[in-house]
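Try each task before reading its solution.

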Amino acid sequence: MLQKLKWLLGGIIAVIIVVFITIYFTFSASLPLLEGNITSASVAQNIILERDNNGNATLTAENRLDLAYATGFIHAQERFFQIDLSRRMAAGELSEIFGPAALEIDKNNRLHRFRARAKIAIEQLTESNKALLQKYAAGINDGLNNLGSRPFEYWLLQQKPRLWKDEDSVLVIYSMFFALQSGTINSEKNRYFLEHSLDLRLVDFLLPKKTEWDAPIQPDAELWQPQKIPPADVLNAHNSEQSFLHKAENPVPGSNNWAVSGKLTKTGASILSNDMHLGIRAPATWFRLRLILKDKSLDVSGVSLPGTPLIVAGSNGFVAWGYTNSFVDTSDFIELKLNPLYDQQYLTPDGYKDFIIHREKILIKGAEPETIDIRETIWGPVFDFGIEKIFALKWVAHQAQASNMGLIRMEQVKTVRQAMEIASGNGIPTQNAVLADRDGNIGWIHFGALPNRKSGEYGVPGDWSDGNLGWDGWLSYADQPKVYNPENNRLWSANSRVVSGEDYVKVGDGGADIGARQQQIRDGLMQLGDGLVEKDLYGIQLDNRAIFWQRWQQQLLAVLKRSTDEKLKPFITDVENWGGRAATSSVGFRLVRNYRKSVYQVLLGYLTVPCAEKFNSCDYNQTTHQMESPLWRLVDQRPHGWLPAEFYNNWQGFFEKMALNAWEPVLSGEIALESYIWGEQNRSYIKHPLSNSVPLLGLLTDMPNAMQDGAHGNMPHVAGNSFGQSERMVVSPGHEEDGIMNMPAGQSGHPLSPYYGAGHDDWLEGKMTPFLPEKTKWSLKIVPKLK
């Protein structure tokens, strides 16, 4: 029997070994080609693909179309699954590989019919840009076919990858519209809910247009004045019981960027700094590239977006550019008037029109397809608010101008002025573009199309049926807000309001962030002297001073010292000696931050509860990012009648209760006070999209969980659990060799790659690494196939 058990155990071990060997060789077969020569019928001349030790790539060709092919080839070899997810998400086609679990996402996204719109956008491209996308698609498909096996994710999903089409690159651009502009859509919808459920005086108080944190680069003509708290009778319709917001403030998908002119730098060339904030997963959002033409007519470096053929942000040797999400108003809801005699028609300036019905089939892995009907109007698709009234959505993303590949022109601009003049035609989600050139000039302007609206109110859904409201084309360069070479020689933006006065009216508010981060950047720039070099600007990217929370720390400390509750006394020392930074070792910062969060969720939840009771999807968090201003007015002034009834207008008791709620893990003994450090709460969780679903996969694919300085918002060093600085870039045009670049999770999408996750630790630790690819380690040559 013992001998049989030994044989059985040996057999099991042998089977396990064979299985692991099979998995290893299957997975490793899909590693990218790093060296050697391959031939392609899609290229005209020789191409060289070089990678350094971290996988950072330099592509060299003799014509621009071959460079597009090479970009597609390397994107597919390194990141095909990532780009497949991007196109499927935008098109509403995730269910085809993930099954019913993705069906609701597909239904919501299919509403926009982006695959059909992508085909229209392709038709309207210039011939040169069409050819560029065709070559890029050919490169992707050849890159996929030159893998020894399908990418490992498709083995896990039991799927085969689908070849790339020209239109798929437009879908990838649309995926960024979802990431960067869906908040603008939700803001207007929720403003409607608030205005139809709360006293309008309360709505005005909760949705301030300006705050004490604003730091626009166009100064305001009038100084900010504190809001007046309305009388307590605005709460007469409120449930007297305590309520709370189930979510904290929404993270702002945004960025930081700033520039200093050549008058302040050591070399006389201007310097640009940019760190774009997005959800972070493995592999990274961006792919680092340097594109070179052998005749030296092109040498552009920076980050590309896999699925598209261009450098998104970087430097061409003459001009450098980077972005922050603009949060200007790029969408509008139209309240539709139905024909009372026939509800399949709606009123337009030209009379009643029939809804156009588009029938969309959603393929679902492991289930029968589902068909949905999408109603379309002259303005856009019908959008469901979950109420009786119906609305149509007009969105920049639905227009061909939004994805016209115009950004390719940035490869050849030679000055900031030239870059600004083409800004509106750069088909991307509208961004604050900060520009710097080698002659020392700096500028700010919006990249991407901005609607030219007729005069009227667009902050909430309106009636466009009489023609008095609507869009009249796009803002021209002459009408666009812009700033060129300001007197202070500095520019900055961080997703907050950038412009003032009439310019602000032109672009509108699309849910801009509170200005704390932008103000801290501005003040940091103002403290810099002259003779600046790249590392001086990089330091601001890692600024984790908790200026936004300083007044909360002082308020909390006063509450604790007034309190007679013995349970709160042990916290006084850590709050008093909090250090003033979002540092991993700080107990005090974690106490202060979580206390403010508790106050916010309960107090603002109580004030907005009638909205949640009337409209199921009402979410104050999605309406504004300026909530700190009204919140602090209440905390500072402590007005009578503004607390839930259970607190009997006892603000001290309310604050104590909020502290006790926030610190429950410590009070319950779950966490010792000395172990309640910020770094434990702010660990990075950067995962592969499949690692939560496939056992043990995360051991191969996920980045190590690590404590990190910084916070999710309200300071320059933005760092959350799976959100933060998707890249850090500091570069001076003409001096790229002195530039700095960090990127989380690395270049490769394959966990067996020799450079998988390379550079991630440098990003975590804030170690300055080169902007340009370093010494070549691997070189692959692509040559034309002989005819």
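**Exercise 1.** Does Cys618 count as buried or exposed, and at what relative accessibility?

*Solution.* Some ground rules come before the steps. This is a predicted model, in which local features need pLDDT of at least 70 and side-chain atom pairs count only at pLDDT 80 or more, while totals for chains, interfaces and linings use all residues. Residues are numbered from 1 along each chain as its sequence is written, and side-chain values use heavy atoms, with hydrogens and water left out.

Step one is the cut-off: buried means under 20% relative accessible area, exposed over 50%, and partly exposed in between, with a 1.4 Å probe and protein chains only. Step two is the value: Cys618 has 14% relative accessibility, so it counts as buried.

**Exercise 2.** Find the partner of Cys618 in a disulfide and describe the link.

*Solution.* Start from the rule that a disulfide is a pair of cysteine sulfur atoms within 2.5 Å. The sulfur atoms of Cys611 and Cys618 are 2.0 Å apart, and the two residues form a disulfide. Next, look along the S-S bond: the angle about it is 105°, and the link of Cys611 and Cys618 is right-handed. Cys611 is buried too, with a relative accessible area of 0%. By this rule, the count for the model comes to 1 disulfide.

**Exercise 3.** Judge the overall build of the protein from its radius of gyration.

*Solution.* The radius is taken over C-alpha atoms, and the globule rule is 2.2 Å times the number of residues to the power 0.38. For 787 residues, a compact globule would have a value near 28 Å; the protein has 27 Å, which agrees. Buried residues make up 60% of the 787. Finally, count the secondary structure as DSSP runs, numbered from the N terminus, with helices (H or I) of at least four residues and strands (E) of at least two. This gives 23 helices and 29 strands.

**Exercise 4.** Work out how enclosed helix 18 is, and what covers its buried residues.

*Solution.* Of the 10 residues of helix 18 (residues 628-637), 8 are buried, so the helix is largely enclosed by the rest of the structure. Among the buried ones are Trp632, Arg633 and Leu634. Their cover includes helix 9, helix 14 (550-562), helix 16 (587-607) and helix 19 (651-662).

Glu212 sits between helix 9 (200-206) and strand 4 (255-260). Taking contact as heavy atoms within 4.5 Å, and leaving aside neighbours within four places in sequence, Glu212 touches residues including Ser629 and Arg633.

**Exercise 5.** Where are the backbone features at Pro283, Arg113 and Asn489 placed?

*Solution.* Most residues other than glycine have a negative phi, and most peptide bonds are trans. Take the peptide bond to begin with: Ala282 and Pro283 are joined in cis, with omega about 0°, and Pro283 lies in the loop between strand 5 (271-279) and strand 6 (287-293).

Then take phi. Arg113 has a positive value of about 50°, in the loop between helix 4 (103-110) and helix 5 (114-123). For Asn489, phi is positive, near 65°, and its loop runs between strand 22 (482-484) and strand 23 (490-493). Last, check burial: Arg113 counts as buried at 14% relative accessibility, and Asn489 is buried at 15%.
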